[in-house]
Amino acid sequence: MKKTYIPKLDDILGGGIIDNASVMFSAVPGVDSEAFGYQMLHGRLKDGDKGFIYTNVAEPETITYEFNSYGWDLQKFLENGDAFFVDGSSPFLGLPSTAKYTIEDYSKMEKVIMEAIEDVPDGIGVINNLSTIIDYLGEDETIKIIKKWNLHGKKHNTSLIYLFTKWDYNTGLVEKVKRSMDCVIEVKTIEERVIIGQGFMVAHSSWSKPSNTMVLFFVVQPGGIKVYIPKILVTGPYNAGKSTFVKRISKRSVSVDRKALSAFPTTIALDIGHLEYKGFIADIFGTPGQERFDLLLDVLGRESVGAFIIVDSTAPETFGRAKEMIRKTRAEAIPKVLVANKQDLSGALSPEEIREKMKLGKDIPIIPAIVTEGKGVTDALDALLGLLYGD
Amino acid sequence: MIVRIASGIPGLDELIGEERGSLAENTVTLVYGPPKVGKSIFCYQFAYEGFRSDEPCLYISADYGLNELERSISNFGWKFDEYRENFYIIDAISTISGLEVESRDNYFPSSVHNPTDIMVKLGMAIRQIASKSHRFRSVLDSLTTLMAFNDELLIVRVLTVYIMRIKESGGTAIVTYTEGSADSKVENMLKAIVDNIIHLDGEKLTIEAMVGSGKITASYNITSNGMIVE
């Protein structure tokens, strides 16, 4: 196994990629997929492997410059011979090239890359960009060539990493390309009017059974790909059942609290949980209900992507406080779901009665729940995910 | 009701018969014609009109680098300097011609033969713009240059994504293309995926297609103050 050097990806793939894997990053136009290929190459070079980049989209100098902006010194590896370029870009622009290999026309590409693969046994080759090859050579020819390269990679124990931009090709072609790879990683956008985030997800891998987890990431210079775990806020008035809710939705949780010595144990600091549900990962923060902790609400509210507001359905006198907390968490601006807890107790108001009393708009789902029994908890999660990602 | 925005070309808005503007908001207009008939000048005026009402412009320049672009614009006496913070540029040419360009927040270097990267920069720029304005203008000048460096069909795909991104984020755009530079099939595809089509031939401007309007032809001139429709 070889590491990918992409955070979280190795876990999902069961430890990394097999040595001679063919891996494709299939990116929606607009997401930064080059960074994935470059980060893998740099990690492998640092580990002492050899590697090459075939480029038909940027000159070697530009790519070396990009590496620098990520804080990775490619020049060093170019100079000591551990890395080299197959330059399929400069000749098309009429520019001189100092690369080890240059490709002046596409008919020579197949053979030159075969040689490049032989030069990096046990190493790694990055193909940037596969879409451009398809556009020049056509589907059938490209798929034939990919298969040959992948076989050659197997023979020389070389990992081949393809960067593919999913323009509006017909799905048949995309499927065929995917089937020629050991592993496909989809790189997507998360949009709400404009792209607000990017995520990656393993579509398939021949050596493991990856979970269908969508990992949110951003690309920073310097640094490369950083994984981003969104926060979800759980708030509501005193004694509404927030801590229990956090425990219920979390894979694991801790209560950073000191139980107050009274008839009602209550959280006086934070409940922290970690959620992994239907491929969505998030950290959960439950805030205390008392007013003296309202400063926390403001801080956490700013950083959260969504919120659960928990209310005690039998205590309409606390609804005013719940509304105030929504305001203080700035939850007005983020998607939120109201959880109408304690539906099993006598005198519990129905979701519609609560909506009316709180004067809440229809855009906020109200989910009836009995959190202590786990009832309504997954409905609430589904409702928030629906708001965040659409159905 | 169709909301129209000012084109920035004196005389053009009046042709459509609306006082406030001629280009339907949140649509994409193809401006095409032979070389040197004023397609880029049309774009400058469109962008400049937006700046005057504090609308940002996202300009994808494949023909001229930042410095040359600013020079050609200032030749008409327009002061882009004051509007720099609203002038978002994806410069797809300077890096391949080896020019050093000053770096600033709303300047995105890219490369004509890396459409994938152009789309990444487009996303970054739109995110910046969306955080401060609900409406903006965009220019893609020109498709012809992108086609010279890439497969023509790929550029049709790129244009499709560009149009989708601009529309979903509330922008109004102009794209330019030099008549006859691509295969006629490709040319027809370009015309099919835009909303409005304006043809320039050096003397006459023809609105071949426009949301909510019929075909109209008028004479135009390029003066030292830019393009004027008579």
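**Ground rules**

I number residues from 1 along each chain as its sequence is written, and I letter chains from A and number ligands from 1 in the order in which they are written. Since the model is predicted, I note that local features need pLDDT of at least 70 and side-chain atom pairs count only at pLDDT 80 or more, while totals for chains, interfaces and linings use all residues.

**Confidence**

I looked up the scores before anything else. The predictor gives the complex an ipTM of 0.82 and a pTM of 0.80. Chain B has an average pLDDT of 91, and 97% of its residues score at least 70; pLDDT is the predictor's confidence in each residue, from 0 to 100. I keep a reminder here: where pLDDT is low, the predicted coordinates should not be read in detail.

**Chain A as a whole**

I found 14 helices and 17 strands in chain A. Helices (H or I, at least four residues) and strands (E, at least two) are DSSP runs, numbered from the N terminus. Along the principal axes, the C-alpha atoms of chain A fill a box of roughly 80 × 40 × 35 Å. Of its 391 residues, 44% count as buried. I call a residue buried if 20 or more other C-beta atoms lie within 10 Å of its own, exposed if 12 or fewer, and partly exposed in between, with C-beta atoms placed from the backbone. Among contacts in chain A between residues at least 6 apart in sequence, 68% join residues at least 24 apart; a contact needs C-beta atoms, placed from the backbone, within 7 Å.

**Helix H2 of chain A**

H2(A) has 13 residues and reaches 18 Å from its first C-alpha to its last, close to the 18 Å expected at 1.5 Å a residue. That expected span is 1.5 Å times one less than the number of residues. I see that H2(A) is mostly covered, with 11 of its 13 residues buried; among them are Phe36(A), Tyr38(A), Met40(A) and Leu41(A). Just after this helix, Gly48(A) takes a positive phi of about 95°.

Lys50(A) has 19 other C-beta atoms within 10 Å, so it is partly exposed. Not counting residues up to four places away in sequence, Lys50(A) touches Asp82(A), Val120(A) and Gly123(A). Lys50(A) and Asp122(A) are 72 residues apart in sequence, yet 7.6 Å apart in space, C-alpha to C-alpha.

Asp122(A) lies in the loop between H6 and S5 of chain A. Its phi is near 65°, a positive value in a residue other than glycine. Asp122(A) is partly exposed, because 15 other C-beta atoms lie within 10 Å.

**Helix H6 of chain A**

Which residues of H6(A) are buried? I list Met109(A), Ile113(A), Ala116(A) and Ile117(A). Seen down the axis of H6(A), they fall within an arc of 100°, so they line one face of the helix; the arc is that of the directions from the helix axis to the C-beta atoms. On the other side, Lys111(A), Glu115(A) and Glu118(A) are exposed. The cover over the buried residues includes S2, strand S3 (83-87) and helix H8 (139-155) of chain A.

**Where the chains meet**

How many residues of chain B are in contact with chain A? I get 23 residues of chain B against 19 residues of chain A. Helix H4 (115-130) and helix H6 (152-168) are the elements of chain B that give two or more residues to this side. The largest share, 9 residues, comes from H4(B).

Most residues other than glycine have a negative phi, and most peptide bonds are trans. I noted two cis bonds: Gln221(A) to Pro222(A), with omega near -5°, and Asp141(B) to Ser142(B), with omega near 5°. Pro222(A) lies in the loop between strand S9 (215-220) and strand S10 (224-227) of chain A. Ser142(B) is in the loop between strand S7 (136-141) and helix H5 (143-149) of chain B.

Terms used: Contact = placed C-beta atoms within 7 Å.
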